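Please look over the sequence and the model shown here before reading on.

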Amino acid sequence: MYSVEQLRSDFRLMRRAMEEAHPGLYRYHSRDSVSRWFDAAEARLTQPMTELQFRRAVEPTIDRIGCGHTDLYGSKAYVKYRKKHPLRPFPVDVFVLDNKLYVRENRSTDTTVRRGAEILAVNGYPAGTLLNRFYQYISSDGYNQTFKPYVLNTGLFTSYYTLAFGMDSTAQQLMLRDSTGQVRTLTFRVRPGALKAGADSVEKRVIPASKPRKPKPRKPEQSQDEPRTLTFSERDSSVALLKVGSFTGSGQRAFFRESFKAIARRRTVTNLIIDVRGNLGGNSGTSAKLVSYLVDEPFQAYTQVDANVRQVSFNQHLGWKFWRFWLRNFFTHKTPEGTFRRTGVTKLIKPTTKNGFRGRVFVLTNGGTFSAASIFTSLAKHNAAARVTVIGRETGGGEYGCNAFTSPYMTLPETGVQLRLPLYKIVLAIPGVDQGHGVLPDVPVVYTAPDVLSAKDLDLEKVYELIGK
């Protein structure tokens with residue numbers, strides 16, 4: 001338990017840090033509104049709390065700001081404890097679709113529970129009420145809502161249930177509606193060993209960290225590459241599929257170079273599918289490089305990548321000290337507006353003419369298309385509009401940029417709670433006005449619960465449908 005004085009001390013430090021250095025604190029809301037939210041959060045700190053209770057009281061305020069790169073995480077002590085004391089598993093594995101809960105797998109001893117049954121309530125709480133409560137703890141860019149259910153569907157449902165109801169919380173009673181419409185309220189116990197301790201994350205980190213690159217990057221063989229593949233369709237010889245699961249990891253540019261070389265050798269390929277569903281981002285420069293293979297003319301990726309201050313006043317609590325020192329002293333310059341801009345980011349990027357692709361491009365997106373992946377989607381759509389078609393759901397990341405580039409973790413000294421704090425505001429050089437949403441698909445695709453359970457890829461089927469027209 002932490003005293004009121006300790007809780008308020010940590011909160012005030014966090015607030016001061018965000019008001020000083022967060023580059024997008026007022027990107028979607030007025031200064032007065034954000035100040036009121038901070039005041040209301042501090043007003044809730046009136047009695048001693050555990051770490052989890054502290055996070056529960058404060059996180060809704062963090063979420064309202066509208067920055068998917070800003071979030072609270074457990075202390076090192078909390079994570080260590082959770083590794084030794086796993087989360088209490090749900091009697092069923094769940095998935096979220098259209099603000100409803102469904103059974104993906106049955107983990108209980110009741111063999112009558114079927115996959116696809118709708119979960120109407122958990123321990124008396126309606127499913128919609130639960131989801132709305134969980135969504136208060138998941139930050140997303142602007143007013144976007146596709147990112148939140150995606151996060152819950154990555155295996156973090158139990159983590160958020162624990163955050164909402166406490167460390168010893170468990171779902172003992174579920175109200176289910178089966179495929180026939182029958183509603184039953186059941187009490188469950190989990191089969192021993194039915195769920196491995198590590199099946200649900202001990203902490204809710206899903207967004208990859210994006211440190212600045214070293215002056216001398218590691219060689220590709222020194223780090224493990226993120227999932228990325230190039231395949232050629234056996235169904236249609238005109239189709240190539242480039243799956244980019246992340247923009248983190250080494251060897252990305254070499255992979256793009258070799259992939260487009262292989263595509264160029266296959267003269268029958270006139271349609272390219274680029275799948276960035278579930279791509280949570282990484283290096284934004286690498287995502288812009290991928291765009292260069294698709295465009296005819298030079299393009300500008302960013303109008304700004306700006307920090308509020310060169311040196312923060314709370315440096316002793318903030319991580320990545322070496323990287324931030326290197327970046328602010330050698331690769332930023334002061335703008336006339338008084339911000340500190342990453343050097344060279346506003347220059348034009350030339351098309352990659354050697355093996356560049358000039359056929360039709362279909363970009364597959366969903367709520368997990370975030371950060372650098374959303375930047376790629378937006379730049380591709382706006383700079384190669386004649387040939388790029390976005391298919392799927394609204395991206396989880398903002399269409400006009402985000403707050404990121406480097407997002408170190410700040411450790412609050414009293415509770416040990418960690419705040420992920422982005423330091424640069426990224427604004428994309430695209431026409432129009434930021435409406436606070438992700439990239440909207442040109443061709444929306446809607447899934448049903450049976451589609452999810454049968455693992456149908458309706459996005460891919462839509463591409464083949466469009467190609468055949």
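## The largest cavity

In this predicted model, 15 residues line the largest cavity, and those nearest its centre are Ala307, Val309, Arg310, Leu423 and Tyr424. The space inside the largest cavity comes to about 150 Å³. In total, the structure has four cavities of 30 Å³ or more.

Helix 9, which spans residues 321–330, gives the most to the lining of the largest cavity, contributing three residues. By residue type, the lining of the largest cavity consists of eight nonpolar, four polar and three charged residues.

## The annotated domain

An unreviewed UniProt entry lists residues 239–445 as "domain: Tail specific protease".

## Aromatic pairs

There are 20 aromatic pairs in the structure. One of them joins Phe255 and Phe256 in a tilted arrangement, with 5.8 Å from centre to centre and 55 degrees between the planes. Both Phe255 and Phe256 are buried.

Elsewhere, a cluster linked by ring pairs is made up of Phe90, Tyr125, Phe134, Phe157, Tyr161 and Phe165.

## Charges over rings

Phe165, a member of that cluster, has Arg133 over its face, at 4.5 Å from the ring centre. Arg235 has its charged end over the ring of Tyr464, at 4.1 Å from the centre of that ring.

Definitions and conventions:
Residues numbered from 1 in each chain as written. Predicted model: local features only at pLDDT ≥ 70, side-chain atom pairs only at ≥ 80, totals over all residues. Heavy atoms only, no water. UniProt positions renumbered as here; feature names shortened; annotations may be inferred. Phe/Tyr/Trp six-rings, centres within 6.5 Å; stacked < 30°, edge-to-face > 60°. Buried < 20%, exposed > 50% of the residue type's maximum accessible area, 1.4 Å probe, protein only. Lys NZ or Arg CZ within 6 Å of the ring centre and 35° of its normal. 1 Å grid on protein atoms, 1.4 Å probe; cavity = no way out; pocket = protein on both sides within 12 Å on 5 of 7 lines; lining within 4 Å. Points joined across faces, edges and corners; volume = space filled by probe spheres on them. Helix = DSSP H or I, 4+ residues; strand = E, 2+ residues; numbered from the N terminus. Nonpolar A, V, L, I, M, F, W, Y, C, P; charged D, E, K, R; others polar.
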